[in-house]
Amino acid sequence: MNALINDIEVIKTKTTKINDVDFDHLSFGKTFSDHMLECDYKDGKWQAPKVVPYAPITLDPSAKIFHYGQSVFEGMKAYKDEDDNVLLFRPLDNFKRLNISSKRLAIPELPEAYFMEGLKALLKVDSDWIPKKDGSSLYIRPFVFATGKGFHASPADEYKFIICTAPSGAYFAGKVKVLIEEKYSRSANGGVGFAKAGGNYAGQFYPTQLAIEKGYQQVIWTDDNTHEYIEEAGAMNIFVRINNTLITGPTSDRILDGITRKSIIELAKTEGINVEVRKISVSEVVEAAKNGSLKEMFGAGTAAVISPIAGFGYKDEDFDLPELENTYASSLKKRITDIQTNKVEDPFGWRYNV
Ligand SMILES: Cc1ncc(COP(=O)(O)O)c(C=O)c1O
């Protein structure tokens with residue numbers, strides 16, 4: 001008989017890979033834990049999820065994911081505190097956002113219990129895979145995609161929901177140099193920019209390759225209409241500090257409603273930082289860089305947490321940011337990771353004990 005955890009059937013692997021992993025030198029998202037959660041949508045409903053050994057899956061060549069890109073995903077992290085409690089950060093927000101993304105791509109929405117109980121069962125089975133080293137975590141990748149067959153350009157009738165996990169170290173090695181995009185767009189009004197749809201990322205790769213060839217690591221996307229307003233980076237929302245005001249753009253149907261972003265806004269306010277959520281024009285940032293009032297720029301997202309920006313390129317000109325001693329980026333990063341890893345009180349109720 002297979003075990004049941006939280007009412008989820010668990011089929012355990014016979015051979016663990018954990019002894020092959022060097023937990024002191026983890027890269028990001030390249031090593032995968034022993035198990036995954038798997039759940040199929042067929043006959044008009046989501047079937048009971050199961051925890052199964054991590055393994056390749058077989059799909060029909062006509063599966064609609066390959067042709068019409070019906071695919072959405074999430075990114076989350078699990079941490080272990082000193083007492084080996086397994087902790088998540090605002091997981092219900094990821095669940096809700098996955099369904100928001102699914103709805104936009106005409107993918108059937110998941111029941112909350114399948115996501116949450118399935119995730120908890122998976123983390124219990126693979127709890128030894130959660131790194132404890134500072135800066136490391138178990139990266140969690142829930143995703144849903146169309147397995148239904150056929151070349152008709154219409155929504156599939158079958159889908160698969162999988163959660164797999166990867167013990168991971170830092171996403172970026174150090175500060176990043178970014179290019180403010182003037183030509184390409186990642187999203188448009190009425191489009192799918194607010195969804196975590198796989199295709200949104202595919203569309204970014206080519207312009208990002210061009211930026212990398214010019215010596216930058218990331219693109220800062222601007223609005224598709226005028227390219228005058230800063231929107232977000234590859235997998236991060238963007239914050240700009242001008243003098244002592246921290247500014248981030250409002251979310252819209254072009255921008256992902258980042259969980260790190262909204263947490264940073266709340267944290268910064270409680271630290272007494274003046275926060276403005278408003279459109280940020282490229283000319284304002286360039287002007288601030290020229291007159292010295294631009295103090296910091298950083299990206300915020302689950303993978304990188306807070307990633308300081310060293311400088312940016314715009315219209316063939318490079319602008320460096322100052323090297324400050326005490327940055328908002330470092331104090332906010334410490335505050336959020338201390339909450340995530342149970343090093344400090346969590347007055348917001350964001351931490352979730354598995
Ligand atoms: C396009 C985009 N923007 C922003 C974010 C940051 O969102 P979160 O803080 O919820 O990870 C992500 C990552 O999920 C992303 O892919």
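Helices, of at least four residues, and strands, of at least two, are taken as DSSP runs and numbered from the N terminus. In this predicted model, strand E14 (236-242), helix H5 (259-270) and strand E17 (294-301) each contribute at least two residues to the shell around the ligand. That shell comprises 16 residues, of which Lys196, Tyr201, Glu232, Thr260 and Thr302 come nearest to the ligand, and by class it divides into 6 nonpolar, 6 polar and 4 charged residues.

A polar side-chain atom of Lys196 lies 2.7 Å from a ligand oxygen, an N or O atom in the side chain of Thr260 is 2.6 Å from a ligand oxygen, and a polar backbone atom of Ile259 is found at 2.8 Å from an oxygen atom of the ligand. Of the 380 Å² that the ligand exposes when taken alone, the protein buries 97%.

The lining of the largest cavity consists of 5 nonpolar, 6 polar and 1 charged residues, with at least three residues drawn from each of domain 1 (9-168) and domain 2 (176-340).

The second largest cavity holds about 30 Å³ of space and is lined by residues including Glu231, Asn237, Pro250 and Arg261, its lining being made up of 3 nonpolar, 3 polar and 2 charged residues.

Note on methods. Residues are numbered from 1 along each chain as its sequence is written. This is a predicted model: local features need pLDDT of at least 70, side-chain atom pairs count only at pLDDT 80 or more; totals for chains, interfaces and linings use all residues. Side-chain values use heavy atoms; hydrogens and water are left out. A residue is near a molecule or strand if one of its heavy atoms lies within 4 Å of it. A polar contact is a pair of N or O atoms within 3.5 Å; within protein, one must be able to donate a hydrogen and the other to accept it, and residues adjacent in sequence count only if both atoms are side-chain atoms. Accessible areas come from the Shrake-Rupley method with a 1.4 Å probe; for residues, only the protein chains shown count as cover. Ala, Val, Leu, Ile, Met, Phe, Trp, Tyr, Cys and Pro count as nonpolar, Asp, Glu, Lys and Arg as charged, and the others, Gly among them, as polar. Domain bounds come from an automatic or database domain assignment. On a 1 Å grid over the protein atoms alone, a cavity is a set of points where a 1.4 Å probe fits but cannot get out, and a pocket is an open set with protein on both sides within 12 Å along at least five of seven lines; lining residues have an atom within 4 Å of a point. Grid points are joined across faces, edges and corners, and a volume is the space filled by probe spheres set on the points.
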